[in-house]
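Biologist: Hello! I would like to learn how to read pockets and strand pairs in a model. Could you take me through one?

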Amino acid sequence: MEPWWRSAVFYQIYPRSFADTGGDGVGDLAGIRCRLDYLQWLGVDAVWICPFYRSPMTDFGYDVADYCDVDPMFGTLGDFDRLLAEAHARDIKVVVDWVPNHTSDQHPWFVEARRARDSPKRDWYVWRDGPGTGAGGRPNNWKAAFGGDAWTWDQATGQWYLHLFLPTQPDLNWRNPEVEEAMHATLRFWLDRGVDGFRIDVVQGLTKDPALPDDPPGQLLPHAAVNDCADTHAVLRRLRQVADAYGGDRVLVGEVYLLSTPTVARYVGNGDELHLAFDFTPLYEPWDLGAWRGRIEEVEEELAPVGGWPTWTLSNHDNPRHRTRYGGSERRARAAAVLLLTLRGAPFLYYGEELGLEDALVPPDRVVDPGGRDGCRSPMPWDASPGHGWPGAAPWLPWAPEPEVRNVASLRADEGSILHLYRRLLAARRSSPALHGGAWRPLEAPAGVLAYERADGDDRRAVLVNFGEAPATVALEGPWEVEVDSDAALEGTRFRGRLAGDAAMVLRPA
Ligand code: NOJ
């Protein structure tokens with residue numbers, strides 16, 4: 001039987017911004033639970049919830065101080081169990097975030113490691129003397145992800161510690177077997193509770209070249225974006241064994257933030273490492289036919305031969321939303337939804353994209369993220385009321401534009417809305433083996449149009465995406481009927497070859 005994740009559509013939830021029940025302006029686990037009916041109505045198969053563990057929140061949860069507890073801001077372990085049970089009752093899988101590259105500097109492991117050079121936990125992190133002694137000479141030239149150096153001098157013990165991200169996020173030493181065992185135990189903690197898998201943070205960072213060589217002079221990227229040490233693959237094979245010991249249906253989705261499809265593809269190993277590896281290259285492509293055709297063809301060339309299942313992401317919590325990147329046009333966002341949900345592979349939706357949200361404009365005095373990512377993390381507007389479904393205090397970040405009309409309740413009441421388009425696409429995908437699992441093949445198309453076929457046995461669909469603003473005429477062999485139209489105008493009619501500008505369609509044989 002095919003594993004569930006091969007036909008699943010994932011929905012990413014940034015818990016601070018999704019739904020609040022406590023009235024403090026920060027979302028919580030009970031809030032997610034209360035909105036499960038919405039997610040079921042929308043038709044997603046799985047949710048991925050960004051970190052909700054105990055954390056000082058210097059990186060809003062990606063600085064974990066206890067992997068086995070819920071931060072009080074988000075609720076309790078009991079709230080998590082209830083959320084999981086109620087999601088499962090609706091056939092929605094739950095994938096949680098796991099942050100193995102680094103802990104918080106407030107994690108008891110680091111507090112102990114930092115205590116003294118002879119601490120039994122010292123080697124759980126990456127400590128080095130400088131090439132020179134004292135704070136002057138860093139061990140190498142690596143840059144941290146949000147600016148500054150990847151090394152911080154610990155005055156009390158007279159050594160540097162490594163952090164690919166903030167100084168409050170010291171890197172764990174995955175070459176120490178005790179670290180590996182302790183981290184496996186954190187996985188088992190959540191697997192025993194019944195989670196369906198993990199989204200794994202910064203997979204490519206887990207092991208480093210032991211010689212810690214300098215990055216090339218003039219390299220502008222932080223080291224986290226280039227670290228790709230071969231030893232990580234053995235770490236992943238052992239992680240896979242931990243997951244597979246739970247019956248084989250728990251999924252490992254890895255963030256492999258190396259912007260190269262062939263490199264990312266290696267992280268699925270021989271079917272014994274990650275199940276799914278995020279390929280973020282499309283996040284940095286413009287809304288352009290040539291760019292997208294290149295992306296899709298490369299993914300097909302690299303992943304299809306090794307049986308890998310691609311992933312497709314247009315937006316996430318680390319980058320401007322795609323509607324904003326594509327110039328703010330809702331029509332393009334609609335066409336992009338058709339593309340995302342009809343490619344071969346696992347689509348990852350980012351909460352709010354189904355409302356056509358743009359990034360919020362965040363005034364300087366409301367900026368809170370050290371990486372400048374606040375705009376894409378704005379609160380989910382649930383209704384047209386002044387609080388948009390957030391009780392009590394105003395949410396922690398400003399609203400995206402037009403929350404009075406661009407909210408769940410208003411768009412749900414409008415069958416022509418982008419929200420209903422997502423729902424129809426999800427339903428079409430679910431009911432068609434060609435769309436959720438079939439092969440992908442390009443079709444002839446006029447300038448500006450991307451056309452492809454998805455096929456599984458007798459089940460076939462054609463997909464047309466017009467990247468241009470001008471209408472196009474597409475000649476396809478055989479009679480076709482419009483199943484989904486990004487303009488919501490022609491569904492159920494015979495396809496007559498006409499495709500509006502900035503529009504997309506799913507066709508089925510008539
Ligand atoms: C990737 C996460 O997506 C991002 O939000 C975080 O800041 C870094 N990893 C560090 O954990």
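Modeller: Gladly! Keep in mind that this is a predicted model. Let us start with the largest pocket, which holds about 540 Å³ of space.

Biologist: Which residues lie nearest the centre of the largest pocket?

Modeller: They are Phe146, Phe165, Tyr257, Asp318 and Arg373, out of 34 residues that line this pocket. Sorting the lining by class gives 17 nonpolar, 8 polar and 9 charged residues.

Biologist: And how much space lies in the second largest pocket?

Modeller: About 260 Å³. Its lining has 14 residues, and Trp4, Ser7, Asp45, Asp91 and Arg430 lie nearest the centre. By class, the lining divides into 5 nonpolar, 4 polar and 5 charged residues.

Biologist: Now the strands, please. How do E14 and E15 run?

Modeller: First the general idea: in a regular strand, side chains alternate between the two faces of the sheet. Here, strand E14 (residues 439-442) and strand E15 (residues 449-456) run antiparallel, joined by 4 bridges. Ala439 stands opposite Ala455 in E15.

Biologist: What sits between the two strands of this hairpin?

Modeller: There are 6 residues between them, and Gly448 takes a positive phi near 90°.

Biologist: Last one: how is the chain divided into domains?

Modeller: Domain 1 covers 108-162 and domain 2 covers 439-509. Their C-alpha centres lie 56 Å apart.

Methods:
Residues are numbered from 1 along each chain as its sequence is written. This is a predicted model: local features need pLDDT of at least 70, side-chain atom pairs count only at pLDDT 80 or more; totals for chains, interfaces and linings use all residues. Side-chain values use heavy atoms; hydrogens and water are left out. Domain bounds come from an automatic or database domain assignment. On a 1 Å grid over the protein atoms alone, a cavity is a set of points where a 1.4 Å probe fits but cannot get out, and a pocket is an open set with protein on both sides within 12 Å along at least five of seven lines; lining residues have an atom within 4 Å of a point. Grid points are joined across faces, edges and corners, and a volume is the space filled by probe spheres set on the points. Ala, Val, Leu, Ile, Met, Phe, Trp, Tyr, Cys and Pro count as nonpolar, Asp, Glu, Lys and Arg as charged, and the others, Gly among them, as polar. Two strands pair if DSSP finds at least two bridges between them.
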